[in-house]
Amino acid sequence: MSSENMNLTLKVWRQRNGQSQGSFETYQAKSVSPDMSFLEMMDVVNEDLIKGGKDPIAFDHDCREGICGTCSMYINGRAHGPVKGVTACQLHMRSFIDGETITIEPWRATAFPVLKDLIVDRSAFDRIQQAGGFVSVNTGSVPDANAIPVAKACADEAFNSAACIGCGACVAACKNSSAMLFVSAKVSQYAMLPQGDVERKDRVIKMVSQMDEEGFGTCTNTEACEAECPKGISVTNIARLNREYLRAKLTE
Amino acid sequence: MTLDSKIPAGPLSEKWDNHKFKLKLVNPANKRKYDIIVVGTGLAGASAAASLAELGYNVKTFCFQDSPRRAHSIAAQGGINAAKNYRNDGDSVYRLFYDTIKGGDYRAREANVHRLAQVSVNIIDQCVAQGVPFAREYGGLLDNRSFGGAQVSRTFYAKGQTGQQLLLGAYSAMNRQIAEGKIKSYTRHEMLDVVLVDGQARGIIARDLVTGEIERHAGHAVLLCTGGYGNVFYLTTYARGSNGTAVWRAHKKGAYFGNPCFTQIHPTCIPVSGDHQSKLTLMSESLRNDGRIWVPKEKGDKRKPEAIPENERDYYLERIYPSFGNLVPRDIASRKAKEVCDEGRGVGSTGLAVYLDFADAIKRLGKDAVEAKYGNLFDMYKQITGEDPYQTPMRIYPAVHYTMGGLWVDYNLMTSVPGLYACGEANFSDHGANRLGASALMQGLADGYFVIPATLGDYLASVERKPISSDSPEFDAAEKAVKDGIEKLLSIKGNKTVHEFQRELGQIMWNHCGMARNEAGLKEGIEKIKQLRNEFWKDIHIPGTDQELNQNLEKAGRVADFLELGELMMVDALHRNESCGGHFREEFQTPEGEARRDDDNYTYVAAWEYKGEGQPEQLHKEKLDFESVTLTQRSYK
Ligand SMILES: Cc1cc2nc3c(=O)[nH]c(=O)nc-3n(C[C@H](O)[C@H](O)[C@H](O)COP(=O)(O)OP(=O)(O)OC[C@H]3O[C@@H](n4cnc5c(N)ncnc54)[C@H](O)[C@@H]3O)c2cc1C
Ligand code: SF4
Ligand code: FES
């Protein structure tokens, strides 16, 4: 529970819209309780800005419990900030120290253009999923749920890949802005399950091709993505994607 | 207008099948001539949109987040019920129906609830086929867990992220239809009004939240799948963006509001830590299986929990309810926590918390076993509070979690406005006065995958197939009203922020229309809301313009609607002179302090009709007939 409140300096990226140039602005965050979440600290700063007749800092957020994948801030040079395994909304101010200067930027990637301040457009992720991130079954025309047993190990593995929240931190963390971790997690989920088997070749080719079209960079195995992923998505997914892709291409 | 619930005749278990057979059909070649607008892409909206598109309709979807996948459904943790009886433990469609009706304290429609239980089995089949990675056993078959309010294991789950996995399944089905060109998805768009032409819903007015542009979208039917309105209380377990604007604006266009005061308050949430607090985090109900709830016997005892000896602790649930103990239903656990805190025995810096203690469980089972069961929840608690629940008891307090009330719909899920439908948490239909755990996900997907695809055609078959134009006086008027509303908000340029108003409203709602309600308190609350509303329209300050991404402007519109909806909730709570489920009126309790229903006078759905600004709403009663179950008083002693 709370110890002393802190005073912090924030350097925040401000950008009116997609067309304008952005720049850093400096703000003071006074009397910040260590019990606040990072976004609650931002709320307080925004209230001050509004009261002072200024435009508040726009940032994306919704669930504030680390599951919706909406929040997206690059804090002190790290996607989602300094604590491993948590999103910006789950980060608490007790991870910072009194007097610290905190730099806050949006995700930076060609495929994620800035819309305003810290808000970026991640619709490229949706389009990659539309390219093939599904099993083609219509509502109602399916067998009983227990008709096809799935080995527990496969189901658990599929779940681990499916835990991706689509936040885009992996892209932001990567010096090449590669989306491989995100795409490989989805490809892996289906590849591990019998339900996804039928379309696995088509799926991987289409999703990878859409990923390239969106302007994400290539993967050079730096593994920065895994280090910053709040859900612990493993780079073994990327290895699996590469195998899936190769196999699909060879038998095309 | 009289309320016609359109409940089909015949025996309960045959109603749905008979009804489906009698519904008019749209021939496959004609389906593509209909445009359907689906507002909301949570479980209800995404499943409806995908299923309707698969049938051949042209669908447009809308959500205010940046992707359909981020709807609030994503946050559901525990699981989804279905009457599969895979455990061979005596479950059946009828038992799920019965548990749901009883859990809802006999304030839901039998026919709807039975249909829900019937289609629940198909939901699991559908999700598995989509590649939803449910938990499995070593034999490769699906695993189940048990949940509050049921004596069988019928809850399917995917770790603590069931909502996420189900939503991603529905989202993937949507994506397939987007790729096929059958769905057009509008993200970062907010619906601000329904457009009626000749009394029928024929489209919406939406704002592009990035550019600020006001758009018209026309269609042959409009589905509102916009979730619950619990954020009227401000501090809740809902996502921050969840709001009541869509349902409220539809209400003002003629859709009746069903049981607005029925709110669910979840007993185990992480308590408020200070004024900065922006939301409350749910701690799974499953913790009550092994945690013991207590407060000090003495008022104002400020010692650390470890320093309070056993004989100075009050394990009040175990004391009052020896047979159910810490596992009493949600509404009772919540109310009792409030009572001990009101007595001054609450703990933590605010005094608004009780202990949930695992010391005995750790002694009995060992730390490893407790960690295996609850490890992720303990970690989450530690991340938020900075305290280690292995060392010191958790502090918990109840928080608003779900709204059973919503737009009134008939058996076909159509509101009182022809062509306007409501699915998922946005409607009032299946949970009566209290929802059982793991039943909201079930209802959202039942509505979207199985009910609406069957019932919508019946309406469409009776309307003209030619495209609906948005170039009409009705659209002109609706668009103008929306623009005027925004301009009015921006022109006030007062001194208070949206956030301040939202917090004040939340306080009023919580104090006067929260876990326990009474006549005097509700009357006072209504006056306070009226005052706050006046102040809002005089003193709100919204920075920026309407021609840009403006989060304060978005929020201001939502708070303006909450300021009206909150009053209706109080009016409804005031009129219902009984206690049932989540609605506890202090005047109506048994000598032991339990809820006392009044079945003779209140076995009905309260459906409220909007009568114009400043006018009292008109109450319509839909009487509930119980043919299959006998009404009894709940007892957990
Ligand atoms: C923390 C938590 C845990 C839960 N756990 C469980 C559980 O374990 N089991 C269970 O059964 N239930 C659970 N619930 C309840 C359940 O999650 C919800 O009731 C359910 O997901 C609601 O789904 P929905 O599709 O009706 O709405 P939502 O998922 O809330 O979706 C609403 C959609 O409407 C859109 N929208 C809203 N207004 C507008 C507008 N004006 N314009 C455009 N779009 C709009 C939003 O963008 C969103 O896409 C839980 C709830 C919470 C808060
Ligand atoms: S892989 Fe991890 S970092 Fe990348 S989008 Fe998914 S959850 Fe976010
Ligand atoms: S706001 Fe949902 S993950 Fe951060």
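Reply: In this predicted model, Arg240(A) has a relative accessible area of 12% and is therefore buried, whereas Glu157(A), at 32% relative accessibility, counts as partly exposed.

Me: With which residue does Arg240(A) form a salt bridge, and how far apart are the closest N and O atoms?

Reply: Side chains of opposite charge can pair when their charged atoms come close. Here the partner of Arg240(A) is Glu157(A), with 3.3 Å between the closest N and O atoms; the pair links distant parts of the chain, since Arg240(A) sits in helix α9 and Glu157(A) in helix α3 of chain A, 83 residues apart.

Me: Are Asp99(B) and Arg154(B) buried or exposed?

Reply: Both Asp99(B) and Arg154(B) are buried, and their side chains meet in a salt bridge at 3.0 Å, N to O. Asp99(B) belongs to helix α4 of chain B and Arg154(B) to the loop between α5 and β4, so this pair ties together parts that lie 55 residues apart in sequence.

Me: What is the area buried between chain A and chain B?

Reply: The size of an interface is often given as the accessible area lost when the parts come together. For chain A and chain B that area is about 6200 Å², with carbon and sulfur atoms giving 50% of it, and 72 residues of chain A are in contact with 78 residues of chain B.

Me: How many salt bridges are there between chain A and chain B?

Reply: The count is eight, and one salt bridge joins the side chains of Glu548(B) and Arg16(A) at 3.1 Å, N to O. By class, the side of chain A that touches chain B has 35 nonpolar, 18 polar and 19 charged residues.

Conventions
Residues are numbered from 1 along each chain as its sequence is written. Chains are lettered from A and ligands numbered from 1 in the order in which they are written. This is a predicted model: local features need pLDDT of at least 70, side-chain atom pairs count only at pLDDT 80 or more; totals for chains, interfaces and linings use all residues. Side-chain values use heavy atoms; hydrogens and water are left out. Contact means heavy atoms within 4.5 Å. Buried area is the accessible area (1.4 Å probe) that two parts lose on being put together, summed over both. A salt bridge is a side-chain nitrogen of Lys or Arg within 4 Å of a carboxyl oxygen of Asp or Glu. Ala, Val, Leu, Ile, Met, Phe, Trp, Tyr, Cys and Pro count as nonpolar, Asp, Glu, Lys and Arg as charged, and the others, Gly among them, as polar. Helices (H or I, at least four residues) and strands (E, at least two) are DSSP runs, numbered from the N terminus. Buried means under 20% relative accessible area, exposed over 50%, partly exposed in between (1.4 Å probe, protein chains only).
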